[in-house]
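Me: I have a chain open in my viewer and would like to go through the labels attached to it. Could you tie each label to its cut-off as we go?
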Amino acid sequence: MRRMLVALLCALLCSGLVLSGAQAAPSAYFANLMKLLDYGSITVDGTSYSEDSFTALKKGDSGVLVKAIQRRLRELDYLLDSADGSYGTNTENAVRLFQKTVSLERNGTLTFDTLKELMSDSAPYYVEGEFPVSFASYAKWNMKGKNNMTFQVQVFNAARSHTIKQVELNIIGKDRNGDVVPSALFTETVSVKIKPGETAYVPKIEIYERKKISEISCEISWVEFTDGCPAYPDIEDDYWTWEIAW
């Protein structure tokens, strides 16, 4: 399916159709692609493709279709980076942000359903919320000594004009029975500079008595921007929680 879509995109490019400016509705280029996607089966060069055979795009992928998706995300203000055809971290986060807006599963992967929503006439512009901050997909941890460990989470700044300078995290460690381990229940404020539309790892956070812990949860409770403005997650908002298990 991906090869078929790339071929279609190349054909549209060769036909002279170009991207429009900053309209919410897709340009003729995208509109033609969308019409083709609406069919249950499409035949290209004698080969038929269906929705079931579509291979989702994810971080690490590249090509003409990725570039077209990036242009559409930029058009709707979900992506600040240039459209370079490489599905990197910022593209992944832009897709996740769009998925959240249209109530799809927020996994940062361009599924067929995400593609159809993104290319539709009703695709919404990005509107910055009161708490434009979330976790990204990745984290890393290391063992330290016999009974301690450190971990780092990635934070995504979806603000359009504010740079993050501090993040407060709530950490909760639980044992195999689901009970809280007292030494792994704390709040940590870390300094980290994250520009608008970018992602960064926070400094290392140390956890003690790791042998007692089977799961760690981490949530963002507060951020401060460089202009001094704080932001707090709405208690009703479905903001991100990151979990690891080992």
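Me: What makes strand β4 count as mostly covered?

Reply: Buried means under 20% relative accessible area, exposed means over 50%, and partly exposed lies in between, with a 1.4 Å probe and protein chains only. In β4, residues 148–157, ten of ten residues are buried. Helices (H or I, at least four residues) and strands (E, at least two) are DSSP runs, numbered from the N terminus. Before we go on: this is a predicted model, where local features need pLDDT of at least 70, side-chain atom pairs count only at pLDDT 80 or more, and totals for chains, interfaces and linings use all residues. Residues are numbered from 1 along each chain as its sequence is written, and side-chain values use heavy atoms, leaving out hydrogens and water.

Me: How do you know that both faces of β4 are covered?

Reply: Take the two sides in turn. Asn148, Thr150, Gln152, Gln154 and Phe156 are buried on one side, and Met149, Phe151, Val153, Val155 and Asn157 are buried on the other.

Me: Which strands pair with β4, and how do you know?

Reply: Two strands pair if DSSP finds at least two bridges between them. β3 (residues 133–144) is joined to β4 by nine bridges, running antiparallel. β8 (residues 205–207) pairs with β4 over three bridges, in the antiparallel sense, and β7 (residues 199–201) also has three antiparallel bridges to β4. You can pick out partners in your viewer: Asn142 is bridged to Thr150, Thr150 to Glu206 in β8, and Gln154 to Tyr201 in β7.

Me: What sits over the face of Tyr201?

Reply: That is Lys140, at 4.3 Å from the ring centre. A charge sits over a ring if NZ of Lys or CZ of Arg is within 6 Å of the ring centre and within 35 degrees of the ring normal.

Me: How many bridges make β5 and β6 a pair?

Reply: β5 (residues 164–174) and β6 (residues 180–194) have nine bridges in the antiparallel sense. Leu169 stands opposite Glu188 in β6. The hairpin of these two strands has five residues between them, and Gly178 there takes a positive phi near 85°. In the hairpin of β3 and β4, with three residues between the strands, Gly145 has a positive phi near 70°.

Me: Which residues other than glycine have a positive phi, and why point them out?

Reply: They are pointed out because most residues other than glycine have a negative phi. Ser103 is one of them, with phi near 60°, and Glu209 has a positive phi of about 55°. Ser103 lies in the loop between α4 and α5, while Glu209 belongs to the loop between β8 and β9 (215–225).

Me: Why is Ser103 called exposed, but Glu209 partly exposed?

Reply: Ser103 has a relative accessible area of 68%, so the value is over 50% and the label is exposed. Glu209 has 26%, so this residue falls between 20% and 50% and is partly exposed.

Me: Why is the pair of Tyr78 and Phe98 called edge-to-face?

Reply: Rings of Phe, Tyr and Trp (its six-membered ring) pair if their centres lie within 6.5 Å; planes under 30 degrees apart count as stacked, over 60 as edge-to-face and the rest as tilted. The count comes to two aromatic pairs. For Tyr78 and Phe98, the centres are 5.3 Å apart and the planes are at 85°, so the pair is edge-to-face. Tyr78 is in the loop between α3 (64–75) and α4 (89–101) and Phe98 is in helix α4, so the pair ties together parts 20 residues apart in sequence. Tyr78 is buried at 2% relative accessibility, and Phe98 is buried at 1%. With Tyr126, these two form one aromatic cluster.

Me: How many disulfides are there, and by what rule?

Reply: A disulfide is a pair of cysteine sulfur atoms within 2.5 Å, and the count comes to zero. Cys218 is buried, at 1% relative accessibility, whereas Cys229 is partly exposed, at 35%.

Me: Why is Thr109 called buried, and what does this residue touch?

Reply: Thr109 has 19% relative accessibility, which is under 20%, so the label is buried. Contact means heavy atoms within 4.5 Å. Not counting residues up to four places away in sequence, Thr109 touches Ala56, Leu57, Lys58, Tyr87, Val95, Gln99 and Thr114.
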